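We will go stop by stop, selecting a few residues each time.

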Amino acid sequence: VQPAHRRTGLASELVRRGEAWMVARGLDEAATNTAATNGPLLRLFEARGYAIALTSGEMVQLRRRLDV
C-alpha cells in the first residue's frame, strides 16, 4: 500500500476481499509468505487470525482456516 494510503484500513480490506474471493471458490485455508522482519504485515495478518505456520531462514509463512 502506498504511504499516502497507509493506516486507512485499505490493506485490511484488500485481505478481507481476497479471503472472500477464496471462500467463494471453495477454498478453506489461506496463506501468505513474508520476511520475518516485516512487522506491519505480520501484525495485519495476525490481527485477522493468521498464525506463523512455517519458518525458513528469514522467511515465514502465515496461515489461517477460512470460514466456508
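A salt bridge is a side-chain nitrogen of Lys or Arg within 4 Å of a carboxyl oxygen of Asp or Glu. Keep that cut-off in mind for our first stop. Note also that this is a predicted model.

**Stop 1**

Select R65 and D28. Their side chains meet in a salt bridge, at 3.2 Å from N to O. R65 lies in strand β3 (residues 59-65), while D28 lies in the loop between α1 and β1 (29-35), so the pair ties together parts that are 37 residues apart in sequence. Are these two residues buried or exposed? R65 counts as exposed, at 53% relative accessibility. D28 counts as partly exposed, at 32%.

**Stop 2: the whole fold**

Now zoom out and show the cartoon. The protein has two helices and three strands. Trace the chain from the N terminus: the elements run α-β-α-β-β. The C-alpha trace spans about 30 × 30 × 15 Å along its principal axes. Of the 68 residues in the protein, 24% are buried.

**Stop 3: the sheet**

Select the three strands. In what order do they lie in the sheet? The order is β1-β3-β2, in an open sheet with antiparallel pairing. β1 and β2 are the edge strands, and each pairs on one side only.

Strands of a sheet pair through backbone hydrogen bonds, either parallel or antiparallel.

Start with β1 and β3. These antiparallel strands are joined by seven bridges. To find one of these, select A30: its bridge partner in β3 is R64.

Move over to β2 and β3. Five bridges join these two strands, which also run antiparallel. Select T55, and look for its partner V60 in β3. Then select S56, whose bridge partner in β3 is M59.

Follow the chain from β2 into β3. The two strands form a hairpin with two residues between them. Select G57 in the turn: its phi is positive, about 65°.

**Stop 4: helix α1 and its charges**

Select residues 10-24, which make up helix α1. How many salt bridges does the structure hold? It holds five. Pick out R16 and E13. Their side chains meet in a salt bridge of 2.6 Å, N to O. Both residues lie in helix α1, three residues apart, about one turn of the helix. R16 is partly exposed, with a relative accessible area of 38%. E13 is partly exposed too, at 27%. E13, R16 and R17 are linked in a network of salt bridges.

Now select E19 and R48. They form a salt bridge, and their closest N and O atoms are 2.4 Å apart. This pair links distant parts of the chain, 29 residues apart. E19 sits in helix α1, and R48 in the loop between α2 (39-47) and β2 (51-56). Which partner is buried, and which is partly exposed? E19 counts as buried because its relative accessibility is 4%, and buried means under 20%. R48 counts as partly exposed, at 27%.

**Stop 5**

Select V1, L10 and L14. They make a nonpolar surface patch of about 260 Å². L10 is found in helix α1. L10 counts as partly exposed, at 38% relative accessibility.

**Stop 6**

Time to look inside. In soluble globular proteins, nonpolar side chains tend to be buried together.

Select V15, M22, A30, L42, L44, F45, Y50, V60, L62 and L66, and show their side chains. These 10 residues make up the largest nonpolar core. Which elements supply at least two residues each? They are α1, α2 and β3. The largest share, three residues, comes from α2.

Definitions and conventions: Residues are numbered from 1 along each chain as its sequence is written. This is a predicted model: local features need pLDDT of at least 70, side-chain atom pairs count only at pLDDT 80 or more; totals for chains, interfaces and linings use all residues. Side-chain values use heavy atoms; hydrogens and water are left out. Helices (H or I, at least four residues) and strands (E, at least two) are DSSP runs, numbered from the N terminus. Buried means under 20% relative accessible area, exposed over 50%, partly exposed in between (1.4 Å probe, protein chains only). Patches are made of residues with over 30% relative accessible area and no salt bridge: like charges are joined within 9 Å, nonpolar side chains (Val, Leu, Ile, Met, Phe, Trp, Tyr) within 5 Å. Accessible areas come from the Shrake-Rupley method with a 1.4 Å probe; for residues, only the protein chains shown count as cover. Two strands pair if DSSP finds at least two bridges between them. A nonpolar core is a set of buried Ala, Val, Leu, Ile, Met, Phe, Trp, Tyr and Cys residues joined through side-chain atoms within 4.5 Å.
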